[in-house]
Amino acid sequence: MLTDTSSVNSSLSQSGFTVEILEDYRLANLNRNISIIGRKEVLSGKAKFGIFGDGKELAHIALAKQFKNGDWRSGYYRENTLMMAMGLTNPKQFFAQLYSNTDLSANPGNGGRSMNNHYATQSLNEDGTWKNLLEQKNAAADLSPTAGQIPRLVGLAYASKLFRNEPSLNGFKNLSNNGNEVAFGLIGDASTTEGHFFEMINAASVLQVPVALTVMDDGYGISVPRKLQTVKDSISEALKGFEKTENSNGILIFKAKGWDYPELCSTFEKGIKICREKHIPVLFHIEEMVQPQGHSTSGSHERYKSEKRLQWEQDFDPLKKMREWILNENIATASELDKIEKETLEEAQQARLDAWEEYQNPIKKERDELIKLVTEKPCSCKTGGANRINLLVSQLQQLKNPIRKDILSTARKILRHICNDCPIFSDVEINLRHWINEQKLKNFERYNDKLYNESVFSSLNVLEVKPEFNEDSPMVHGREIIRDNFEALFKKNPLLVTFGEDSGKIGDVNQGLEGLQEKFGENRITDTGIRETTIIGQGIGMALRGLRPIAEVQYLDYLYYTIQTLSDDVASMHWRSKGSQLAPLIIRTRGHRLEGIWHSGSPMGMIINALRGFYICVPRNMTQAAGMYNTLLEGQDPALVIEPLNAYRLDEKRPENLGEFKTQLGVPEILEVGSDVTLVTYGSCVRIAQEAVKQLKEFNIFVELIDVQTLLPFDINETIVESVKKTNRVVFLDEDVPGGASAFMLQKVIEDQDAYKYLDSAPKTITAKEHRPAYGSDGDYFSKPNAEDVFETIYEIMRNVNPRRYREI
């Protein structure tokens with residue numbers, strides 16, 4: 001480990017560091033070569049898109065020296081050198097990513113589900129159990145949205161603070177070594193103008209957690225110069241007000257030049273030592289960086305950089321400057337460096353060849369299998385179909401670099417042209433159908449599986465345990481049930497933590513956590529600032545570290561602040577890492593009917609479409625909500641639980657088995673048995689529906705009322721279609737806008753469950769108005785569905801069936 005580079009002099013080579021310095025020079029050149037070759041591969045058409053870390057090599061190598069087992073990286077899409085310096089990838093895997101190889105053994109970084117330079121380490125074993133995270137260097141699954149990697153840094157670092165300061169966590173030696181782990185973040189300078197960045201800086205400064213954030217500053221955000229991006233033309237100058245002083249919290253700011261190898265090594269060593277030992281967040285502003293090939297393969301930087309700037313970038317190329325330094329310090333000769341440069345070029349070229357062959361061979365084998373299958377018995381029929389098949393086979397054979405789309409598309413087209421009565425091709429048709437189905441299954445596994453946890457730890461494997469009551473079970477406010485259930489859970493699971501605005505001292509705005517901070521301490525039940533995005537990021541990072549966080553967003557309407565982070569990061573994490581990483585974050589919020597635009601929204605359509613990969617729980621009361629928390633904490637899946645705002649003060653019978661009863665996800669509950677119409681709803685609309693059902697009985701209309709309980713997953717046992725088989729009519733009720741969750745439910749039942757076969761009347765949806773809900777009780781009544789709306793919709797259906805029996809109202 002290079003530990004003393006504060007002065008540039010010839011003593012370095014005499015102190016035993018020569019080998020390490022030359023290995024660093026070798027690694028820097030190797031990565032420069034793979035970046036250059038990678039760009040050519042994209043421009044030649046072999047790869048779809050490329051984004052590379054050229055110009056960042058020395059900073060990455062110097063930073064990697066401070067990265068230890070147990071640490072976490074949350075970076076962006078230029079870090080091939082950093083990952084290689086840490087031993088987490090290699091040149092062949094770099095090209096496997098570029099070619100989108102779907103084999104995890106060839107492309108462990110993302111299994112072909114993200115573009116190149118998107119990495120994830122393996123946190124889970126094949127059986128779904130957690131690895132010992134202290135025995136490896138860890139990289140959270142990368143994502144492209146600018147600053148999207150930043151919110152979770154709060155949680156990755158906050159976990160270290162908890163492991164250091166919370167005695168109940170002392171036994172989890174596979175997750176932390178007394179909180180000594182650092183969360184390394186990396187970001188391009190232009191992305192520091194995103195709100196995520198400033199929110200994270202503030203949160204880390206307040207919390208005093210070991211975040212080490214490196215800003216790579218090459219002066220541009222694609223084509224836009226820094227002076228148009230950042231106040232004072234410098235992010236470190238802009239952040240002066242965040243700097244920690246002797247008597248305040250805050251961050252420490254370090255600066256170094258991206259071409260100065262000794263300065264980089266010294267600066268990172270000094271800053272990370274403080275960060276690791278004292279849990280003070282640090283920011284490294286690495287200036288005077290270059291980007292020799294421009295932003296990406298989508299364009300050329302010559303379009304927007306002046307000749308003077310381009311010349312400067314050549315002069316201050318970090319590889320050129322490191323070579324100059326090595327020669328000036330007599331660490332190596334020019335011929336020795338020439339040899340290293342030649343060898344690394346050859347190594348990069350060989351890695352490209354090996355990765356391409358490894359990627360193409362299985363695909364060509366599949367092509368050969370298909371061609372053999374359809375040509376083994378040549379068809380002698382003089383039909384256009386036979387000629388078309390021969391043409392399709394010929395076109396496929398001529399492709400120099402086929403992809404799986406070419407092969408499967410050809411196979412499906414061939415199937416169209418096989419004669420129905422061809423005696424020669426009858427066996428071929430059967431075999432071809434089988435082959436196509438087999439390939440579809442394999443390609444589902446390559447590109448589509450692992451959206452949800454499919455291991456034994458899936459929350460779908462948690463079976464229902466009913467609430468238990470006895471004659472003495474009291475009627476209490478719903479908030480008391482959720483509170484007492486949380487108390488049972490906190491007693492049972494030391495990894496469980498919760499945090500959010502007003503969650504701590506007052507026990508949340510509806511007192512669902514009343515008194516629990518006093519019982520379990522501020523580390524486990526914590527107040528946060530008003531910073532929804534980094535509340536979610538705090539939860540993501542903690543979940544990645546093995547904790548079981550419940551992050552509270554005060555109202556469902558405020559979920560808008562978090563939706564990008566939830567959608568781009570948590571919801572896709574298990575899928576985009578191909579099952580190697582999981583963040584079982586539970587989000588607790590409250591919503592539906594209350595008062596006004598920003599406290600009574602129900603944007604469920606947006607949520608279920610943005611958060612595929614989450615389980616979306618929509619309980620109607622607090623007993624049901626408590627059962628959902630109990631279920632989710634038995635499994636390992638990200639989930640959103642929306643507690644109904646109007647249920648905290650309503651009385652429910654208090655279960656005797658708090659913390660133990662479980663609501664099975666995806667299984668609707670039939671609340672009222674009926675024979676005329678099936679009414680499907682959830683959450684706060686259940687009470688509206690129950691009132692309407694009661695009114696309809698007065699007119700001898702008997703409704704089967706079904707509470708779906710969860711929107712994702714939705715009715716896994718097809719309970720609703722079984723009801724429709726009996727009633728032959730269905731209505732969907734919810735308080736989202738038209739075309740939102742009601743349309744989702746309709747599609748799931750009518751299309752996926754084939755309920756259209758059993759309908760005698762057109763299906764109906766009852767929704768809120770297109771605008772946000774207006775203020776006041778009248779605003780609620782006229783903005784959202786009410787019992788009269790439900791009554792009149794169902795009554796009209798029955799009047800159309802039997803106008804004599806049901807007069808016009």
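In this predicted model, helix α14 has Arg404, Ile407, Leu408, Thr410, Ala411, Ile414 and Leu415 as buried residues. Because they cover an arc of only 155 degrees around the axis, these residues lie on the same side of α14. The opposite face, turned away from the buried side, carries the exposed residues Lys405 and Arg416. Helix α14 itself runs over residues 404–416, and its 13 residues reach 19 Å from the first C-alpha to the last, which is close to the 18 Å expected at 1.5 Å a residue.

**The parallel sheet**

| Strand pair | Bridges |
|---|---|
| β1 (residues 72–74) and β2 | two |
| β4 and β8 | five |
| β7 and β8 | six |
| β18 (residues 677–681) and β21 (residues 730–733) | three |

**The mixed sheet**

A further open sheet, this one of five strands with mixed pairing, has the order β17-β19-β18-β21-β22. Strands β17 (669–672) and β22 (764–766) stand at its edges with a single partner strand each, so one side of each is left without a neighbour in the sheet. If direction is ignored, neighbouring strands of this sheet are turned by 25 degrees against each other on average. Helix α22 (residues 685–697) packs on the sheet and touches β17, β18, β19 (703–707) and β21, while its direction makes about 170 degrees with that of β19. Helix α24 (residues 741–752) lies across β18, β21 and β22, and runs at about 150 degrees to β21. Between β18 and β21, which run parallel, Leu679 has Val731 of β21 as its bridge partner.

In soluble globular proteins, nonpolar side chains tend to be buried together. The largest nonpolar core here has 120 residues, of which Leu213, Met604, Ile616 and Leu711 touch the most other members. Helix α6 (residues 151–165) supplies the largest share of this core, namely eight residues. Apart from it lies another core, of 81 residues, which includes Ile34, Leu98, Ile286 and Leu370.

Which residues does Ile616 contact, leaving aside its neighbours within four places in sequence? They are Met604, Ile607, Ile608, Leu611, Leu640, Thr710, Leu711 and Leu712.

**A buried threonine**

Is Thr498 buried or exposed? With a relative accessible area of 3%, Thr498 is buried, because that value falls under the 20% cut-off. Thr498 is found in strand β10 (residues 496–500), and, when residues up to four places away in sequence are not counted, Thr498 touches Phe490, Leu513, Arg524, Ile525, Thr526 and Ile550.

Notes: Residues numbered from 1 in each chain as written. Predicted model: local features only at pLDDT ≥ 70, side-chain atom pairs only at ≥ 80, totals over all residues. Heavy atoms only, no water. Core = buried A, V, L, I, M, F, W, Y, C linked by side-chain atoms within 4.5 Å. Buried < 20%, exposed > 50% of the residue type's maximum accessible area, 1.4 Å probe, protein only. Helix = DSSP H or I, 4+ residues; strand = E, 2+ residues; numbered from the N terminus. Contact = heavy atoms within 4.5 Å. Pairing = 2+ DSSP bridges. Axes fitted to C-alpha atoms, helices over the stretch in contact; angles between N-to-C directions. Expected span 1.5 Å × (residues − 1). Arc of directions from axis to C-beta.
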